[in-house]
Amino acid sequence: MKNSELELYTDYLLSSFGATTATGLSAMVQGDVSHDRITRFLSRQDYTSKDLWRQVKAMVREVEDVQGVLIFDDTIQEKAWTDESDLICWHYDHCSGRTVKGINLLNALYHCNGRSIPVAFELVQKPLQCDMVTRQVKRKSEKTKNEMMRQMIHACLQNALQFRFVLMDSWFSSEENFDFITSRGKHFIAALKDNRLVALSQEDWKKKRFVRVDKLEFPEQGTVQGWLEGSARAVRLVRQVFKNQDSSTGKLHLVCSDLTCDYDAITTTYKKRWQVEVFHKSLKSNAGMAKSPTQTLRTQSNHVFMAIYAVFKLECLSVKSKINPFALRFKLLINATRSAFDQLQKFQAAA
């Protein structure tokens, strides 16, 4: 599916370094496309995960493999000065440990053979509802992010996407998610909170003799087989110890449903989860996700879709040019600055 307005708008996002507006796009193409046409384009229809899949499907089919991984994580784009709505509202940011006002976006990133491709997304919307306990009016989503994630996995399976593991942080490490993934013939590797309870034998599990995962004794760079509270499924557990920038020591506990995996396989595979953090950074830094003054729910949502597709296009350019996406954007910035400098010199010479 080729849509000239879609391609133009996403190219504009990648080549802009300030606010992205319909008027600005029209000025960039010297009025060949009116700002009203761009506004109508953003308002015409809702762009969803299905539309994203249509755009990325051909590239996915070129690189996919049964050893691919499907990575889930959410990000919040702060919009402190934008009017509150079902989409732009207050969300708890578990990274910063505070509540922020903005757009909460859940992404599914497919990583395989060195390529990172967004294959599904959901925007967290919170319609206005009344809390029957406190009698206070507050915003609440009709679906949890965990429910959204399971729906996205289902959609990926329907699209016949090939992958072996689902990777996720502790926010999504629920037994319901684990059971959903394994019941579909896939495996998971996930981070666990330190207070997660585990039994070291089936008998201990049956008798509810559990130990906190942070109290377990792990062999150096080895695994422990255990049974998580709430599930009769055996899993592999590992503990990674690493040094922080301030020289303090940190620990990361991982759980894997594939009992054939050893320490190296689990930790090496989970490192691929970092690709979704790079993707989120690119959304904000390279595709102007926060730089649109759109006002309606549809145009705001569609702008986020455009930013996701723009990052995908930048990834494709990066592979072809063999230049890092951030370096590629910096080259655009340098060229834009040079062009502006040259124009300034002409104005000064003519003055």
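Of the 351 residues of this protein, 48% count as buried, where buried means under 20% relative accessible area, exposed over 50%, and partly exposed in between, with a 1.4 Å probe and protein chains only. This is a predicted model, in which local features need pLDDT of at least 70, side-chain atom pairs count only at pLDDT 80 or more, and totals for chains, interfaces and linings use all residues. Residues are numbered from 1 along each chain as its sequence is written, and side-chain values use heavy atoms, with hydrogens and water left out.

Now the overall figures. The C-alpha trace spans about 85 × 55 × 45 Å along its principal axes. There are 11 helices and 13 strands; these are DSSP runs, H or I of at least four residues for helices and E of at least two for strands, numbered from the N terminus. Take contacts, meaning heavy atoms within 4.5 Å: among those between residues at least 6 apart in sequence, 62% join residues at least 24 apart.

Next, one helix pair. Two packed helices are described by the angle between their axes and the distance between the axes. Helix α10, residues 297–321, and helix α11, residues 325–350, pack at an angle of about 95 degrees, with axes 9 Å apart. The axes are lines fitted to C-alpha atoms, for helices over the stretch in contact, and the angles run from 0 to 180 degrees between N-to-C directions. That makes α10 roughly perpendicular to α11, since angles of 65 to 115 degrees count as roughly perpendicular, under 35 as roughly parallel, over 145 as roughly antiparallel and the rest as oblique. Which residues meet here? On the α10 side they are Leu-314, Glu-315, Leu-317, Ser-318 and Ser-321, and on the α11 side Pro-325, Leu-328 and Arg-329.

Two loop residues are on my list. Gln-30 is not a glycine, yet has a positive phi of about 55 degrees. Gln-30 sits in the loop between α2 (22–28) and α3 (35–44), and is exposed at a relative accessible area of 72%. Asn-113, also not a glycine, has a positive phi of about 50 degrees. The loop holding Asn-113 runs between β3 (98–112) and β4 (115–123), and Asn-113 is exposed, with a relative accessible area of 60%.

Last, a strand residue: is Thr-75 buried or exposed? Thr-75 belongs to strand β1, residues 69–78, and is buried, at a relative accessible area of 8%. Leaving out residues up to four places away in sequence, Thr-75 touches Ile-103, Asn-104, Leu-105, Asn-107, His-280 and Lys-284.
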